[in-house]
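This report describes one structure, chain by chain, and then the contact between the chains. The sequence and coordinates come first.

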Amino acid sequence: MIAFHKVYKNFGSLKVLKGIDLNIEKGQVVTLIGPSGSGKSTILRCMNLLEKPTSGEIIIDGQDITKPKVDIQAVRKNIGMVFQHFNLFPHKTVIDNMTYAPIKVNKISKEDARRKSLELLELVGLSEKADIYPGKLSGGQKQRIAIARALAMEPQIMLFDEPTSALDPEMVKEVLQVIQDLSHTGITLVLVTHEMGFAREVSDRICFIDDGQILEDASPDEFFSNPDTMRARAFLEKVL
Amino acid sequence: MKLDFSSVWQYWPFLYHGALLTLKITLICTLLGFILGVLLSLLKLTKCKPLVWIANFYTSIFRGTPLLVQLCIIHFGIPQLIGVTFTTTQSGILTFSLNSAAYVSEILRGGIVGVDKGQYEASMSLGVGYKDMMKDIIFPQAIRSILPGLVNEGISLLKESSILSYIGAVELLRAADQITVLTFRFFEPYLVIALIYYVMVMILTVFANRLERWLNRSDRVS
């Protein structure tokens, strides 16, 4: 589903990714963890070309998306992304946030978009918020709407970039619950998170990233109970 | 010392026509300045470096020289150079529109650049194209921070149109000048036009506040 081959990314003279090789199968739940600045968010952002790799190949569904002729919009509409700071459109109501891209990009009818969005709102437990503006929602509610907005495009892949890092502690759980529910739906999920307990519970695989490289790629039990590298051990000691 | 407004009232048609010209020039120049300013700001937001340089150079010229000097060059200078003459109103409209465009383009650019980069990323991640993103997501948010700047620009156009009296256009200030010549009263005519300017600015401000409230309706807690 997603394959990285020798992906490098430089920001000016700063080398952020140093040869990433990664294979994610359809329906898998993969969590990228590692210290801040290690490049895990950049890996995620390369998957929908919010960052363009300096070199290397990224194959999504059999297509190398780093090639210049690729229709980036067509790639992106199949890949939902959830951001640390939600990034809801503040001038649109909740329902308009959700139906905008399905109508504009997927060209589905207003009625269908609305019906589908209302279903998703129910799924994230916020049916009653359809017609209000994001400014009146709590952080946890905003993030659940942001997830629902991404799902409204019916993506095959969902990317989560530290979805709970900007939330008050009491709101983390409601968002994680929604992500956990998604993990059983067959959508491929790639997460960047600092919630170690959650990562262990929900992931099929953990990738430990440090200094722009994948140092470990293992099942959660293996990784958390018996990491291979010193770097991973030192990291886990600090965060657990 | 006593005030005598009767001499001013006697010549009120002067003021009336002066105020009309002031308003007319302000409205036309606000509109033309806005249209030109939008085009300039689009140039500034392209990735094509030479276009950005041209737009920035244009802006720096009009911001870096006095408006009155620009007016003199256009009204007295250019006709000598190319042989066409402008009426005072034409020169005024030309100068103020070109000048206003420079300021408006900066206001617009600042507003658009000021929209959180997460809004671009969210739009892009949903597969929304550049044009739709700018039209439906970025610009509607930018307009809230742009609007106060545009209103200020409109207000300064209104007030600075008074320098057109320098080239002989009979706008509000010039109309007052004429009354002073006819009546030998200085304080009253100038006080009256100050009041007229003030009222016009206030009307503009109230209107702008309404518009702003309407634009910010999504922030209101119901």
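What percentage of the 222 residues in chain B do buried residues make up? Buried residues make up 32% of them, where a residue is buried if 20 or more other C-beta atoms, placed from the backbone, lie within 10 Å of its own.

This is a predicted model, in which local features need pLDDT of at least 70, side-chain atom pairs count only at pLDDT 80 or more, and totals for chains, interfaces and linings use all residues. Residues are numbered from 1 along each chain as its sequence is written, while chains are lettered from A and ligands numbered from 1 in the order in which they are written.

**Chain B**

Chain B has nine helices and zero strands, in the sequence pattern α-α-α-α-α-α-α-α-α. Helices (H or I, at least four residues) and strands (E, at least two) are DSSP runs, numbered from the N terminus. The C-alpha trace of chain B spans about 70 × 55 × 25 Å along its principal axes. Of the contacts in chain B with a separation of 6 or more, 77% are between residues 24 or more positions apart; a contact requires C-beta atoms, placed from the backbone, within 7 Å.

The axes of H2(B) and H3(B) come within 7 Å and cross at roughly 135 degrees. Axes are lines fitted to C-alpha atoms, for helices over the stretch in contact, and angles run from 0 to 180 degrees between N-to-C directions. H2(B) and H3(B) are therefore oblique to each other, since angles under 35 degrees count as roughly parallel, over 145 as roughly antiparallel, 65 to 115 as roughly perpendicular and the rest as oblique. The residues that make this contact are tabulated below.

| Helix | Residues | Contact residues |
|---|---|---|
| H2(B) | 12-45 | B:Leu40, B:Leu43, B:Lys44 |
| H3(B) | 49-64 | B:Leu51, B:Val52, B:Ile54, B:Ala55, B:Asn56, B:Tyr58 |

By class, the contact of H2(B) with H3(B) has seven nonpolar, one polar and one charged residues. Ala, Val, Leu, Ile, Met, Phe, Trp, Tyr, Cys and Pro count as nonpolar, Asp, Glu, Lys and Arg as charged, and the others, Gly among them, as polar.

**Chain A**

In chain A, four strands form an open antiparallel sheet in the order E2-E1-E4-E5; strands pair if DSSP finds at least two bridges between them. The edge strands, E2 (14-24) and E5 (63-64) of chain A, each pair on one side only. Two bridges join E4(A), residues 55-60, to E5(A), and A:Ile60 has A:Gln63 as its bridge partner in E5(A).

**Contact between the chains**

The contact takes 20 residues from chain A and 18 residues from chain B. On the side of chain A, H2 (72-76) and H3 (94-104) each supply at least two residues, and H3(A) gives the largest share, three residues.

Methods: Two residues are in contact if their C-beta atoms, placed from the backbone, lie within 7 Å. A residue is buried if 20 or more other C-beta atoms lie within 10 Å of its own, exposed if 12 or fewer, and partly exposed in between; C-beta atoms are placed from the backbone.
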